[in-house]
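Have the sequence and the structure open as you read.

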Amino acid sequence: DLPWRKSGFLFFFLPLVCSFDVYLRSKRGWMWNQFFLLEEYGGNDHQYVGKLHSNMDKGDGNVKYVLTGDGAGTLFLIDEKSGDIHATKRLDREEKAMYTLHAKVLDRNTNAELEPDTEFNIKIHDINDNAPRFAKEVYFASVPEMSEVGTSVVTVTATDADDQTYGNSAKLVYSILQGQPYFSVDSENGTIKTALPGMDREVKENYQVVIQAKDMAGQMGGLSGTTTVSITLTDVNDSPPRFANHSFRVTAVESTEIGGAIGRIRADDPDIGRNAEMEYTIVGGHDIFNIITDQTTQEGVIIIKKALDYESKRDYEFRVEVKNTYLDARFIHGLQFKDYATVKVTVEDVDEPPIFSRNPYIIEVHEDTAAGSFVGVVSARDPDADNKAVKYSIDRHTDLERLFHIDLVNGTITTLKSLDREMSKWHNISVVATEINNPRQTTRVPVFIKVLDVNDNAPEFAMSYDTFVCENVKAGQLIQTISAVDTDEPLVGHKFVFSISASNPNFTIVDKEDNTANILTRRGGFSRREMSMYFLPVVISDNDYPIQSSTSTLIVRVCACDSRGNMQSCNPEVLPFSDGLTTGALVAILLCVIILLMIVVLFAALRRQRKKEPLIISKEDVRDNVVSYNDEGGGEEDTQAFDIGTLRNPEVMDANKLRRDIIPEMLFPFRRTSPIKDNTDVRDFINGRLQENDSDPTAPPYDSLATYAYEGSGSLAESLSSLESAATEGDQDYDYLSNWGPQFKKLAEMYIGKSPDRET
């Protein structure tokens, strides 16, 4: 208990021994303005914090102490009579370091203030109840191999939630628990550094380092936390490439194509990435071989620069150098970052295809040479030591017109047809050389045959000319300039000569000696009445050997022109008659025209009247030869008629179509089951008529259709034919036909209407 004079005093109690500052109350206050309490102190028993006391309290129970502010009534309770303050639970400074409360003294009976409302603080003093913590459980870091001692790797820091300004609860010290002797850690800031010189990645690449952070300045009883740091040594180019074997033997077949690979060699470099990249070269170079680097496998690939020939040379030897493409200046001193190896190449013999003496061949031949003429010779040989025989042939896909032939043995090319340069100036064929003993060994060579020009074409007009001469033209006037073309190509160029008959009285020609010529009039005063068109033969000759000439005709029309020579009309004038036609002549001409028109109309009417409607319009029915028989049926009395429906069945006609005028040989006789088994009389009737037509030389062709009316036996209407009727038509009574039903209505009307009684 600490008494204080004047208006009040304060009781301050600490259950633990600790250091704290003494705060004096202000002159006007009646209590201390600050209390101190250690964190984590308190509990279920309402631990004592301190005591409030006023000089107005006489101990008679008339004074009442009231507490308000942070935690009043919950964290902190006050005894109204005694003024004792208690904490209801344990307090954590990391949650809240200070509480501000207000205290006042009241008269219990009147609630009048005996002491003014006074503010005071309860400050929580820190204790070491939080261990240091690292931000990550595992850190990852790297450092180059061969780094010097003390090279910084990474800095790891821990945090402590305790009060940094009070005591040593938050003062941390770092130490290394695992990772010696390779690494060390700065005890104050947690920086990890290398501690061992010459750490080689090729020996050990990964390290696990455990770092501890401990508070209380590392003293006994302090709390600690740990973290793991995974450290990787990164590669530097500290290892040169080395051949495991300094002698390599490679075998290559002589047929290997240029640029093809024949083998690989490899050097080892323990470095990785860019530091392990290597470059292979042939020392001094080589005419036949070259070596390149495979960037994926870092191997040296030996390739062919020039074709190999087993018959010329079989063994080769050269040295190969390998070195790193990237060097580290820190390690090039004292080390040779290159190595050498010897490569021996052995060439193996293969059966090679024939080789032509030239590739390609260019041969010239004159056009119009006769078939069988010599063109040229190709030559091929077997490059192998055996020098097998070779045969020659032309790939006919390149000589579709079969213009050339080649001798199988000596390769002489000759013509099979005459060549025309104007049709084709070049012929490109492929000649194939094949080993006789091994047909699979073949070689092709292109042969370009140039057809040389021979003057075998005469010159002709370069174009079609539309030439006219004016009626009022004067002699010596130019009417047309002509030129010529020639499909031949002489070496010295074309030189054409133009000429016309000297006896031509109308026109003349002037050769301009530049492959053109002018056509001039020899006279004036042309007339369309006398001659509307002139045909002028022009002879054109060339100057090549042999000289070729042709005659082209220039058509000159006579036209009417204006005073300036511009054409107005070239139609021939209609010559007027000297005497006009008489009226009688005109009438006669008109009558002739009318008669001709009447004849045409009459002829058309007769043709239209003769045209008949076809009975059957089926596309499948035969209408070429239809024979009509003008036989009259026998009527209902004819009982020997046949069923017309049977013959009109399309299946019967379509199934037995025969060629015209040719008796068919039926391999399979046609058989058709009759609709009624007992109507043999119909079948016999048809077969009889068929035999009659087959044996009759005057009968129509075999594909003709003959129609017969045969009712057949057993008909209720009996025979309809008049051939077998004994009585005359007038003796018959046809009234019974009206009783047969609607099917015979038309027939009844025909016969009943002809009855003599009805006619009367």
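Let's start with Pro505, which is exposed, with a relative accessible area of 51%. The cut-off for calling a residue exposed is over 50%, and that is why Pro505, at 51%, gets the label. Keep in mind that this is a predicted model.

Where does Pro505 sit? You'll find Pro505 in the loop between strand E38 (497-499) and strand E39 (507-511). Count 16 residues in sequence between Pro505 and Thr521, and you get a C-alpha to C-alpha separation of 8.9 Å in space.

Follow the chain past E39 and there is another loop, the one between E39 and strand E40 (516-521), where Asn515 has its place. Asn515 isn't a glycine, yet its phi is positive, at about 70 degrees.

## Thr227, tucked away

Is Thr227 buried or exposed? Thr227 has 2% relative accessibility and counts as buried, since the cut-off for buried is under 20%. Thr227 belongs to strand E17 (residues 224-234). Look for Ala213 as well: Thr227 and Ala213 are 14 residues apart along the chain, with 8.7 Å between their C-alpha atoms.

Gln180 and Pro181 are linked by a cis peptide bond, with omega near 5 degrees. Pro181 is in the loop between strand E13 (173-178) and strand E14 (183-185). There's also a cis bond from Asn359 to Pro360, where omega is about 5 degrees. That proline, Pro360, is part of the loop between E26 and strand E27 (361-366).

Met146 is placed in the loop between strand E10 (138-144) and strand E11 (152-155). With 29% relative accessibility, Met146 counts as partly exposed.

## The second largest pocket

How big is the second largest pocket, by volume? The figure is about 350 Å³. Its lining is made up of 20 residues, and those that lie nearest the centre are Ala307, Glu352, Pro353, Ile355 and Pro383. Two elements give two or more residues to this lining: strand E26 (355-356) and strand E34 (442-452). E34 has the largest share, with three residues.

What sort of residues make up the lining of the second largest pocket? By class, there are nine nonpolar, four polar and seven charged ones. As for where they come from, domain 3 (242-348) and domain 4 (355-452) each supply at least three residues to the lining.

## Helix H4 and its two sides

Last stop: helix H4, residues 680-695.

Which residues of H4 are buried? They are Asp681, Val682 and Phe685. Looking down the axis of H4, you'd see these buried residues fall within an arc of 110 degrees, so they line one face of the helix. Turn to the other side of H4 and you'll find Gln691 and Ser695, which are exposed.

Notes
Residues are numbered from 1 along each chain as its sequence is written. This is a predicted model: local features need pLDDT of at least 70, side-chain atom pairs count only at pLDDT 80 or more; totals for chains, interfaces and linings use all residues. Side-chain values use heavy atoms; hydrogens and water are left out. On a 1 Å grid over the protein atoms alone, a cavity is a set of points where a 1.4 Å probe fits but cannot get out, and a pocket is an open set with protein on both sides within 12 Å along at least five of seven lines; lining residues have an atom within 4 Å of a point. Grid points are joined across faces, edges and corners, and a volume is the space filled by probe spheres set on the points. Helices (H or I, at least four residues) and strands (E, at least two) are DSSP runs, numbered from the N terminus. Ala, Val, Leu, Ile, Met, Phe, Trp, Tyr, Cys and Pro count as nonpolar, Asp, Glu, Lys and Arg as charged, and the others, Gly among them, as polar. Domain bounds come from an automatic or database domain assignment. The expected span of a helix is 1.5 Å times one less than its number of residues. Buried means under 20% relative accessible area, exposed over 50%, partly exposed in between (1.4 Å probe, protein chains only). The arc is that of the directions from the helix axis to the C-beta atoms.
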